[in-house]
Amino acid sequence: MSGGKGSGGMAAQAGKLGVVASVAINLAALALYLRRRYSDDDGVGGRRREEGDELAVAPSSGKPPVSPDSIINLDHGDPTMYELFWRGDAGERATIVIPGWQTMSYFSDVGNICWFLEPRFEREVRRLHRLIGNAAAEGYHMLVGTGSTQLFQAAIYALSPPGAAAGAPMSVVSPVPYYSSYPAVTDFLKSDLYRWAGDANTFDGETYIELVCSPNNPDGGIREAVLKSGTCVAVHDLAYYWPQYTPITKAAAHDIMLFTVSKCTGHAGTRIGWALVKDRAVAQRMNKFIELNTIGVSKDSQLRAAKILKAISDGYEHAPAAGDRNRLFHFARRHMKARWGALRTAVAASGIFSLPDELPGYCTFAKETVAAYPPFAWLRCEKEGVDDLDGYLRERKIISRGGTKFGADGRFVRISMLDTDEAFAIFVDRLAAMK
């Protein structure tokens, strides 16, 4: 009898083990399925990536390589042109390793108005402005933002009177053609404090904020405030006031000045901008907006940006004999000059387009008279019957940004001059062939 009980117990145990094994096998099969279905081992459309397969997109830009038949997207100002420079010696000097224990706190400098501003980043920003001479480096409060777009939002919030919501909202204006994102960003939150009011040239009002983008996006023009009312407040967007794009004629010293790493160095993905603000109370209100919006700005990004800016300044102050290899602004200016030359040649060969005239000036940084090479081309179609140039180019596999988004008419488009060499070469070849 004892033998029978033992056999029954062993059978029961074996049964339990069988159930456990079955469950384990099923779980393993499910895990394998999920891994194949969702992991990086799978290619597009479920095809399994084999070892040695080329990635479908470039690791730095997330975009596929272009070919002569590709759609060329020049809508965004994605500054991938700069990758060539940063793949060289300068890139090695801009590399940073952040230990696991670093940047854990919310705070960077509790004694600063902008308590999340990394001191190293502030130091390198002021150093770079002193080197280039494009903005006053001292006598300003500095704020950091997630790109200059957040700082623009912070500025119009800070400049709108607290009582604006009870009456008429503060009007926000800019001269046509204005940066296409100004209307959308201004009205996105549907705030009662401020609203987009259009073209500064036609605005009829006494109280307003004027956005002054100089050099201007999209046409590269040098701008001053249009409206001079005593209750006008100007925000100067100086994202493109760097020597690769325009002659540096003086150190800007406006009440509020906005800059961004993306168009200065090419590191758009770092998402860092900064503001120089004269008035302490305005700086405090701007800082409060950022504090409530994102509880500060990534310290990791600030440290990376600081290292990048340091590499740029060091390339001029400590290694001037190395040539363009270490001098970002000389490298970028040479490339911009070549691209604008190629574009003007293509426009002349086509005969149906026009571009703004070149704007030369004496550059205090280069110490010579130089032409402007804006990061965007403001292209106009002169061909009869073409009233929608954006659509005309799309039919020919070129994506641009239509003039109506800038307050202008449809015969204009904005073309990014900052994409890869391969994409830009295909673009100018296609443009030259249009008759």
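User: Which handedness does the crossing of H5 and H8 have?

Analyst: In this predicted model, the crossing of H5 and H8 is right-handed.

User: Why are H5 and H8 called oblique to each other?

Analyst: Helix H5 (residues 147-159) and helix H8 (residues 280-294) pack at an angle of about 125°, and their axes are 8 Å apart. Angles under 35 degrees count as roughly parallel, over 145 as roughly antiparallel, and 65 to 115 as roughly perpendicular, while the rest are oblique. The angle of about 125° belongs to the rest, and H5 and H8 are therefore oblique to each other.

User: Which residues of H5 and H8 meet?

Analyst: On the H5 side they include Leu151, Ala154, Tyr157 and Ala158, and on the H8 side they include Val282, Met286, Phe289 and Ile290. By class, the contact of H5 with H8 has 10 nonpolar, 4 polar and 1 charged residues.

User: What makes up the contact of H10 with H12?

Analyst: His335, Arg339 and Leu343 are among the residues of H10 involved, and they are joined in the contact by residues of H12 including Asp421, Phe424 and Leu431. The residues of the contact of H10 with H12 divide into 10 nonpolar, 2 polar and 2 charged.

User: What makes E9 and E14 edge strands of their sheet?

Analyst: The open sheet has 4 strands in the order E9-E12-E15-E14, with antiparallel pairing. Strand E9 (353-354) and strand E14 (401-402) each have a single partner strand, so one side of each is left without a neighbour in the sheet.

User: How do you know that E9 pairs with E12?

Analyst: Pairing requires at least two bridges between the strands. E9 and strand E12 (residues 376-381) are joined by 2 bridges and run antiparallel, which meets the requirement. Serine 354 stands opposite arginine 380 in E12. Helix H10 (residues 328-350) lies across E9 and E12, and runs at about 5° to E12.

User: Why is lysine 367 called exposed?

Analyst: A residue counts as exposed at over 50% relative accessible area. Lysine 367 has 62% relative accessibility, and therefore counts as exposed. Lysine 367 lies in the loop between strand E10 (361-363) and strand E11 (368-370). Its phi is positive, about 60°, although lysine 367 is not a glycine.

User: Where is isoleucine 295 found, and what is its phi?

Analyst: Isoleucine 295 is in the loop between H8 and helix H9 (299-317). Its phi is near 50°, a positive value in a residue other than glycine.

Methods:
Residues are numbered from 1 along each chain as its sequence is written. This is a predicted model: local features need pLDDT of at least 70, side-chain atom pairs count only at pLDDT 80 or more; totals for chains, interfaces and linings use all residues. Side-chain values use heavy atoms; hydrogens and water are left out. Axes are lines fitted to C-alpha atoms, for helices over the stretch in contact, and angles run from 0 to 180 degrees between N-to-C directions. A crossing is left-handed if the near helix is turned anticlockwise from the far one by less than a right angle, and right-handed if clockwise. Contact means heavy atoms within 4.5 Å. Ala, Val, Leu, Ile, Met, Phe, Trp, Tyr, Cys and Pro count as nonpolar, Asp, Glu, Lys and Arg as charged, and the others, Gly among them, as polar. Buried means under 20% relative accessible area, exposed over 50%, partly exposed in between (1.4 Å probe, protein chains only).
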